[in-house]
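Keep the sequence and the model side by side while reading.

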Amino acid sequence: MTSYRDAVRTALQTLLREDPRVFFMGEDVGRYGGPYAVSKGLQEEFGEDRVRDTPLCESTFVGAGIGAALGGMRPIVEVMTVNFSLLALDQVVNNAAVMRHMSGGQFEVPIAVRMATGGGKQIAAQHSHSLENWYAHVPGIKVLAPATVQDAHDMLLAAVEDPDPVFIFEHQMLYGIEGPLDTKATPPSPWKAAIRRPGKDVSLIAYGGSVHKALTAAEDLEKEGVSAEVVDLRSLRPLDRDTIIGSVSRTHRAVVIDEAWKTGSLASEVSAILAEEAFYELDAPVARVCTIEVPMPYAKHLEEAAIPQVDRIVAAARRSVVGG
Amino acid sequence: MAEFVMPSLGADMTTGVLATWRVAVGDHVSQGDIIAEVETDKGLIEVEVFETGVVERLLVEEGEKVPVGTVLAEIDTVSVSAAESVPATVPVSEPASATVSATVSVPASAPGSILSAGSSEVDLDGPLASPAVRRRAHELDVSLQGIRGSGQHGRITLDDLVGVGRRARSGASERVRISPYARRMAAERGLDISKLPGTGPGGAIQASDVRSAKASGPSEPASPAERMQRVIAAAMTRANDEIPHYYVEQSIDMGNALAWLRKSNASVSVNERLVSGVLVLRAVALALRKHKSLNATWQGGQAVPSEEVHVGLAVSLRGGGLVAPALRNTDEGSLTDLMARMTDLVSRARSGALRSSEITSATITLTSLGERGVESVTPIIFPPQVAIVGCGATLERPWVVDGQVVPRPVMRVTLGGDHRVSNGHRGARFLSALDRLLQEPEKL
Amino acid sequence: MTSEEIRAILLKCLTDVAPEIADEEIEDDADLRDELDLDSMDILRWVQGIHKALGVEIPEEDYGRIASFEDAVSYVAARV
């Protein structure tokens with residue numbers, strides 16, 4: 001069994017070892033080993049040139065990564081949390097995402113950017129939000145959300161290989177989970193959603209940290225005689241519409257779980273896809289289970305109450321299946 | 001998971017007997033496979049499955065009689081599609097560390113938790129609702145009684161009232177509250193949604209309500225022949241009530257066709273002989289290619305033309321009864337092949353071994369009563385089709401050719417059309433096309 | 001082959017085409033089309049069955065000579 005953080009580290013090691021164009025940079029990723037200890041030991045192994053500590057200025061080091069990618073390198077940039085990444089949003093939206101388009105296809109930006117997202121660690125309203133939908137809104141970049149140990153490894157490899165900017169959102173509560181890691185197997189396409197658990201009564205559609213809660217909810221629902229299918233979106237841009245619609249066409253009911261705020265969320269997007277393309281398959285209104293629309297509270301019980309939890313998923317699924 | 005349901009093999013079928021299972025649990029089935037035989041008022045019918053997958057459960061035993069729409073078997077399509085397509089069932093690791101299990105565990109009865117603990121144990125004495133909710137309910141003129149609250153302990157919230165308000169208004173416009181999927185199912189099964197009871201939220205009709213819709217027809221008639229007659233009665237009554245028929249008739253000189261047929265039959269073995277009916281059948285199919293508005297079905301208030309021509313053949317059963325199974329793609333293949341298919345279809349119709357797709361897929365019907373000597377037929381359209389062709393006997397008649405009266409074998413053909421879809425002019429053009437085709441039998 | 005044997009074979013061929021008539025009494029001199037409600041396709045299938053069973057090929061122009069069961073038996077008996 002391997003931990004999620006070790007899986008990311010293994011992928012980083014492989015990339016640094018096998019491709020001299022790859023280098024890794026971010027805040028505290030070198031000497032300190034990364035805020036989530038993902039890059040522990042990498043600076044010793046690969047040196048200060050290839051594992052670089054950056055100043056606390058996201059706009060600068062994300063921009064530098066974009067420049068290096070334009071220059072032929074394969075940079076991997078770590079941003080400490082998605083909240084901080086907003087400082088670099090101009091570089092992302094106005095440079096990384098548009099360069100291929102504005103150069104008439106002459107330039108590509110093969111950068112991979114990793115960052116932590118999500119709440120649950122009591123680090124309050126400036127370190128706990130889920131803003132991956134902001135990124136998924138932007139054409140020209142791709143967005144991944146690995147929920148499993150295997151995906152944490154495979155998706156980083158795929159992101160570096162991809163010729164376009166790829167943003168990877170790692171839920172901060174997942175770094176400690178353990179699971180099997182096969183570094184030899186051919187990974188499934190990162191752009192396709194996965195059915196993590198088949199079921200026939202309701203589809204629980206989730207991504208990232210919420211996938212595990214959806215799976216627990218599915219187990220609870222099974223005890224009540226409700227068979228829930230769990231869909232892991234995996235790729236947030238592009239969204240795998242076929243798998244989403246395919247699942248709901250079998251179950252005819254959908255609960256979308258998203259740790260972002262409900263308004264304008266990926267859950268909204270998935271719901272709209274279902275309304276647009278699977279309307280005649282729906283036997284109940286689509287339900288969304290999202291974070292309560294408040295800045296993330298610091299107090300433990302309030303934070304727990306704000307974030308989607310298993311009981312809220314179960315209740316939404318139950319309402320969808322039995323009505324009421 | 002897909003459900004294999006008792007199909008509706010005709011607009012007026014309400015129940016069917018699952019006569020034989022052709023598959024067992026664990027069998028792999030592909031779309032189009034015959035997996036069961038169903039006994040209906042029209043006889044024994046082979047029923048195809050529309051999914052590909054593995055038979056997971058057989059829910060109805062052989063001999064059991066169930067309403068249309070009853071789930072007969074469950075087909076596991078997931079494991080098949082998982083094996084064939086991309087979204088594979090990838091095992092996810094169990095959250096192992098303490099930090100994660102904390103995030104996924106439910107804060108069950110944590111003091112100060114603002115999460116709802118569920119409503120089951122609270123003894124309600126009238127609905128729980130805040131003053132704001134009560135005022136809003138008064139404004140909307142809706143009763144709080146019977147509304148299921150989504151708040152703590154079943155408390156009715158303002159959000160709950162938004163839905164109810166909408167319900168009340170929509171009820172006034174007599175709109176049926178039904179899920180899109182259930183609406184589609186009901187349409188496919190020919191069920192009237194205004195008569196279905198809804199058990200979903202706010203009385204909404206859901207798929208389960210459509211599935212369990214009970215047959216509400218009159219009591220069961222005694223014999224199969226009586227049951228079949230009842231089906232015909234219902235279909236023909238509906239046709240006469242709903243379809244504004246028009247008729248056009250034409251006498252067609254069958255001299256060339258019969259001469260060609262005699263010559264052709266004399267030169268082939270007895271097993272390859274054709275009957276004149278097959279020439280008419282093919283000519284009807286070819287004429288329809290140019291007159292698509294007659295080759296259509298009436299669906300949801302409009303005609304939907306069919307790209308393919310499946311002529312239904314009215315087959316009377318010795319001892320009473322009538323079925324009109326489709327000869328699929330009647331306009332394709334050789335005449336010998338069409339003859340073989342027609343012979344097979346008629347004998348299966350008479351022995352009660354029709355397939356469900358043959359029962360339901362006809363795009364027009366051809367009825368021929370000439371064998372018994374009648375001169376012409378005024379047929380009634382078989383809904384949901386929009387046209388029907390009737391043939392009388394081919395009889396020796398005085399016929400004027402180049403100013404001379406000569407005896408010719410003449411057949412009287414009648415086209416019955418649905419005036420909502422086409423008009424007499426179209427029918428007339430179809431009949432002259434049919435006439436022209438029958439003058440050149442070698443080209444059929 | 002005796003007339004009785006031919007009779008039995010012709011009857012078997014006829015009930016293959018129209019199993020519903022198995023229990024019916026067939027009047028020897030009645031018109032089969034009227035009597036048994038047979039159509040031209042049934043007659044053709046009967047003719048094909050006779051050909052298969054006895055090797056006798058009945059051309060279309062002779063259909064009038066097998067209109068009744070009795071006629072058919074003597075027609076076939078003369079050619080078998």
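## Domains, interfaces and cores

Chain B is assigned domain 1 (2-84) and domain 2 (224-443). Such bounds come from an automatic or database domain assignment. This is a predicted model, in which local features need pLDDT of at least 70 and side-chain atom pairs count only at pLDDT 80 or more, while totals for chains, interfaces and linings use all residues. Residues are numbered from 1 along each chain as its sequence is written, chains are lettered from A in the order in which they are written, and side-chain values use heavy atoms, with hydrogens and water left out.

**Inside chain B.** The C-alpha centres of the two domains of chain B lie 32 Å apart. Their contact (heavy atoms within 4.5 Å) takes 15 residues from domain 1 and 16 residues from domain 2. One salt bridge is counted between domain 1 and domain 2 of chain B. A salt bridge here is a side-chain nitrogen of Lys or Arg within 4 Å of a carboxyl oxygen of Asp or Glu. E46(B) forms a salt bridge with R355(B), and their closest N and O atoms are 3.7 Å apart.

Which elements give two or more residues to the side of domain 1 of chain B that touches domain 2 of chain B? They are β4 (34-40) and β5 (43-48) of chain B. The largest share, five residues, comes from β5(B). Helices (H or I, at least four residues) and strands (E, at least two) are DSSP runs, numbered from the N terminus.

**Inside chain A.** Chain A is assigned domain 1 (2-179) and domain 2 (194-322). Their centres, taken over C-alpha atoms, are 26 Å apart. Domain 1 of chain A brings 31 residues to the contact, and domain 2 of chain A brings 25 residues. The rule finds two salt bridges across this interface. R196(A) forms a salt bridge with D151(A), with the closest N and O atoms 3.0 Å apart. There are also 17 residue pairs in polar contact across the interface of the two domains of chain A (both at pLDDT 80 or more). On the side of domain 1 of chain A that touches domain 2, the elements giving two or more residues are α7 (132-136), β6 (142-144) and α8 (149-161) of chain A. The largest share of that side, four residues, comes from α7(A).

**Chain C against chain B.** Here 22 residues of chain C are in contact with 19 residues of chain B. The rule finds four salt bridges across this interface. R273(B) forms a salt bridge with E57(C), the closest N and O atoms being 4.0 Å apart. Eight residue pairs are in polar contact across the interface of chain C and chain B (both at pLDDT 80 or more). On the chain C side, α2 (32-36) and α3 (40-54) of chain C are the elements that give two or more residues. The largest share, eight residues, comes from α3(C).

**Buried areas.** Buried area is the accessible area (1.4 Å probe) that two parts lose on being put together, summed over both.

| Pair | Area buried | On carbon and sulfur atoms |
|---|---|---|
| Chain C and chain B | about 1,800 Å² | 46% |
| Domain 1 and domain 2 of chain B | about 1,400 Å² | 53% |
| Domain 1 and domain 2 of chain A | about 2,100 Å² | 57% |

**Nonpolar cores.** A nonpolar core is a set of buried Ala, Val, Leu, Ile, Met, Phe, Trp, Tyr and Cys residues joined through side-chain atoms within 4.5 Å. Buried means under 20% relative accessible area (1.4 Å probe, protein chains only). The largest core has 102 residues, and F4(B), M342(B), L10(C) and W46(C) have the most contacts inside it. Helix α9 (residues 276-290) of chain B gives the largest share of this core, ten residues. Domain 1 (2-84) and domain 2 (224-443) of chain B each give this core at least three residues. Leaving aside neighbours within four places in sequence, M342(B) is in contact with V275(B), V278(B), L281(B), L313(B), L327(B) and M41(C). A second, separate core of 49 residues includes I111(A), F169(A), L236(A) and V270(A).

Conventions: Buried means under 20% relative accessible area, exposed over 50%, partly exposed in between (1.4 Å probe, protein chains only). A polar contact is a pair of N or O atoms within 3.5 Å; within protein, one must be able to donate a hydrogen and the other to accept it, and residues adjacent in sequence count only if both atoms are side-chain atoms.
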